[in-house]
Amino acid sequence: MLSVGNERIRIEIDDLSGGVAQIQDLAARDDVIKYASAAGGAPFEIVCLDGQGRRASYVAGPVAGGRALAGNALYMNHDHVVRAGCESPDCAGRADISCRWQVDVPTGPDGASSWSISIDNNTDDLTVVEVLFPMVRGIQLGPDSADEVLVFPHHAGEKIVNPADAIASDRYMRFWRAGTALGANGVYHREINYCGLASMTWMDLYASPSDGRSFGLYMASHDPSFVLTGVRSETGGPNAPWCGLGFRKYVPVRRGESWESAPFALEVHDGDWHFGARRYRQWIRGRIDLSAVPEDLAMQSSMCPRYDFKNGQAVHHRYDEIPRMYEQARAEGITHFFISGWNRQGFDTDYPEFVPDMELGGAWDLAQGCEYVRDHGGFSTFYINVRLFDLESDFFPTLGRSWSIKNHDNSMFRETYGPRSFAVICPDCGKWRKWVADTAGWMVKAFGARGIYLDQLGSAEPFPCYDTGHAHAHHGLYNQGYLKMIRQVRDRLLALDPSSFLMVENCGDIYSQHVYANLTWNGSLYDEFFNVYKYTFPEFIQVNMVNPRRIADKAERSSWFYRDVARAFVLGSVFWSELGDRFGEEDGDLLDHFRAALRLRQHAAAYIARGVYQDDLGLEFERGADDSSPTAPPAIAASRWLLPDGPVLTLISNPRQLSGLEIRIDGPEEGAWTDCANVGITCRTLCGEQTESVVPADGNGRVTLEIPASGLSFFAVCPRGGETDA
Ligand SMILES: [Zn+2]
């Protein structure tokens, strides 16, 4: 056994197999690997294609050399790999691919370690196409797997309670493109690709058992190449409730070539997932642009999307109704008008033929409609999908087929939405990118659009593409293709209108840096926790849907609606406020609530635009029970925001309008308010007037206030003499 460690973390590697035998959190006195038999052999697997394009998985052969290195590191060398399922030394499935991997542990008190792998392909006939590393299995933090929580970067984030159980459940097995699969080895795995379906390349597992102790484990790929990466979580299921965490890199190592990974981080911590968010942010800062969006966009509180022009092959509204539809939004104080279902044959049909539809009135009426919006204080964003080609399109045989993503066996990726099926197009196909940029530019130039919404870009599944006729140098450059597309479209639009902008469906850190906003969702019944992306990247604006859902039961529809509004408010998100027929005749109370919530959001807009979201850090309040059932009243939720030069904003949801409860709000940093004996409080509630008061800060520079008995409210807290004016 070889080991490496510091004051906080100790890692043991089996010097025969290369298996990760133990990871100890010395501060928490916890053995992270509690299921040694699940931990298995060396923590990598590689996937190769042979000369006929057949795919096969290989695992490590025995350790040929393992040793401790100077500088607190372990080095392991495997001079060959063997076909998975063929691990005996005499097996004919041996391949001359040597793998060397290393674990570095910086000395000191931090629980950090850095893992990397390099691969030499000495075969005559195999090409390595995927490397899974480090795949650490057999994990359980603390005494009981039921106490564990996994923060997972599916879209804007998930917080999965008891992941060993949840991920193996039918519920997660049915989770569409982000679902769990059961492997032949009996291991449940859930792997989503970055960048798109996964928005970031980090995960955090933590546990806070009732005995007061806490445990945390951060795992991340710190890879500045941003290559296509699978983010993988595993479990042995209810009877073997361990977790496994790992990353898959889509990289080519052709015969005679070598490849070396960027570092992967594995760090134990004190059990707060915010540590993971800060750690990832610390790494990615400087590698992506985190500058703020223009002020007038940052001040936006809502937008009105309309998908009901042509949808389901039926005409619902024509272009000449745009002025009336826009006025309906403007009456609610919404001036951002979002146009979808406008293209020939309507929503999810004939993509990517983004040309106006004759039955909706044609190009002239569409331009007139947008001109009306612009002339009446608003602006328009157009939806286009930038990922799909309708298989029934007249142009599919001549254009779509060659633009589409090809798997290793030259097959296309097909997806079905509604009655139509589509091929997924490769973002690094130059002709396709030109079509997107031309289409977007034309919408701005001919129709006066200000925004272009790129549907699916941060949302649907990223794939490898093996089509050698496209621009990419290898199969793992999906993300780089979309980065090129975003920049190409952005540059085209900015040249036409310096105030133009892009939006995308869902999120991805490398994409979000270039857009005004991300329409975030992931699956309401699946542990949605948008706080993860918001806390990691407070700069990136999220748009959340706040319409009554299409649920027949009034009580259930109301319950979801109040929850959706509360969540969007506390996150400081822009309201996605589809009006039209969304508020039915019996939804008058919901419409009243929507109007009041939007007014309150607008009053908070100037604070939110300048504030830095801190989630609930620095707040202390009684949350109340929340059993996450959609019909149960949710608990109190609140967020804290740091404003420039000292003030603090707190957004609060109190759905049961409880009175007599208090919230303690910390100053911007410890002791920041102690010199000002009194602080000024600006408070607003739903339908209430703004109130101002002065209260004493306590000796620790904090204030304790009574939570308003209002469904939604906010406090702006400012040291006296400071500036709280929005
Ligand atoms: Zn391609």
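Reader: Which residues are linked in a network of salt bridges?
Author: The model is a predicted one. A search of the whole structure finds 52 salt bridges. Some of them join up into a network, whose members are Arg55, Glu130, Arg137, Glu191, Arg232, Glu234 and Arg248.

Reader: How far apart are the closest N and O atoms of Glu191 and Arg248?
Author: Glu191 sits in strand S18 (residues 188-194) and Arg248 in strand S22 (residues 243-249), so the pair, 57 residues apart, links distant parts of the chain. Glu191 is buried, and Arg248 is buried too. In their salt bridge the closest N and O atoms are 2.6 Å apart.

Reader: Which helix holds both Glu327 and Arg330?
Author: Glu327 and Arg330 form a salt bridge, with the closest N and O atoms 3.1 Å apart. Glu327 is partly exposed, with a relative accessible area of 24%, and Arg330 is partly exposed at 33%. The two residues are 3 apart, about one turn of the helix, and the helix that holds both is H6 (residues 322-330).

Reader: Is Arg557 buried or exposed?
Author: Arg557 meets Glu586 in a salt bridge of 2.9 Å, N to O. Arg557 lies in helix H13 (residues 554-570) and Glu586 in the loop between strand S37 (574-576) and helix H14 (588-610), so the pair ties together parts that are 29 residues apart in sequence. Glu586, at 48% relative accessibility, counts as partly exposed. The relative accessible area of Arg557 is 7%, and the cut-off for buried is under 20%, so Arg557 is buried.

Reader: What is the arrangement of the donor atoms around the zinc ion?
Author: The protein donors are Cys426 (SG), Cys465 (SG), His470 (ND1) and His472 (NE2), and they lie 1.9 to 2.3 Å from the zinc ion. The 4 donor atoms subtend angles of 101 to 117 degrees. Four donors count as tetrahedral if all angles lie between 85 and 135 degrees, so the arrangement is tetrahedral.

Reader: What spacing do the donors of the zinc ion follow along the chain?
Author: The donors of the zinc ion follow the spacing C-x38-C-x4-H-x1-H.

Reader: How many residues apart in sequence are the parts that Cys426 and Cys465 tie together?
Author: Cys426 lies in the loop between strand S32 (420-424) and helix H9 (430-447). Cys465 lies in the loop between strand S33 (451-458) and helix H10 (478-496). Cys426 counts as buried at 2% relative accessibility, and Cys465 counts as buried at 4%. The pair therefore ties together parts whose separation in sequence is 39 residues.

Reader: Within what arc do the buried residues of H8 fall?
Author: In helix H8 (residues 396-403) the buried residues are Phe396, Gly400 and Trp403. Seen down the helix axis they line one face of H8, because they fall within an arc of 100 degrees.

Reader: Which residues are exposed on the other side of H8, and what covers the buried ones?
Author: On the other side of H8, the exposed residues are Pro397 and Thr398. The cover over the buried residues of H8 includes strand S30 (388-390), S32 and H9.

Reader: How many residues of strand S24 are buried?
Author: In a regular strand the side chains alternate between the two faces of the sheet. On one side of S24, Phe264, Leu266 and Val268 are buried, and on the other Ala265, Glu267 and His269 are buried, so both faces are covered. For strand S24 (residues 264-269) the count of buried residues is 6 of 6.

Reader: How many bridges pair strand S20 with S24?
Author: S24 is joined to strand S12 (residues 112-121) by 4 bridges, in the antiparallel sense, and Ala112 stands opposite Glu267 there. Strand S20 (residues 215-221) also pairs antiparallel with S24, and Ser221 has Phe264 as its bridge partner. The number of bridges between S20 and S24 is 6.

Definitions and conventions
Residues are numbered from 1 along each chain as its sequence is written. This is a predicted model: local features need pLDDT of at least 70, side-chain atom pairs count only at pLDDT 80 or more; totals for chains, interfaces and linings use all residues. Side-chain values use heavy atoms; hydrogens and water are left out. Donors are N, O and S atoms within 2.8 Å of the metal (3.2 Å for Na, K and Ca); water is not among the atoms, so sites may look incomplete. Four donors count as tetrahedral if all angles lie between 85 and 135 degrees; four count as square planar and six as octahedral if opposite donors are over 155 degrees apart and all others between 65 and 115; anything else is irregular. Buried means under 20% relative accessible area, exposed over 50%, partly exposed in between (1.4 Å probe, protein chains only). A salt bridge is a side-chain nitrogen of Lys or Arg within 4 Å of a carboxyl oxygen of Asp or Glu. The arc is that of the directions from the helix axis to the C-beta atoms. Contact means heavy atoms within 4.5 Å. Two strands pair if DSSP finds at least two bridges between them.
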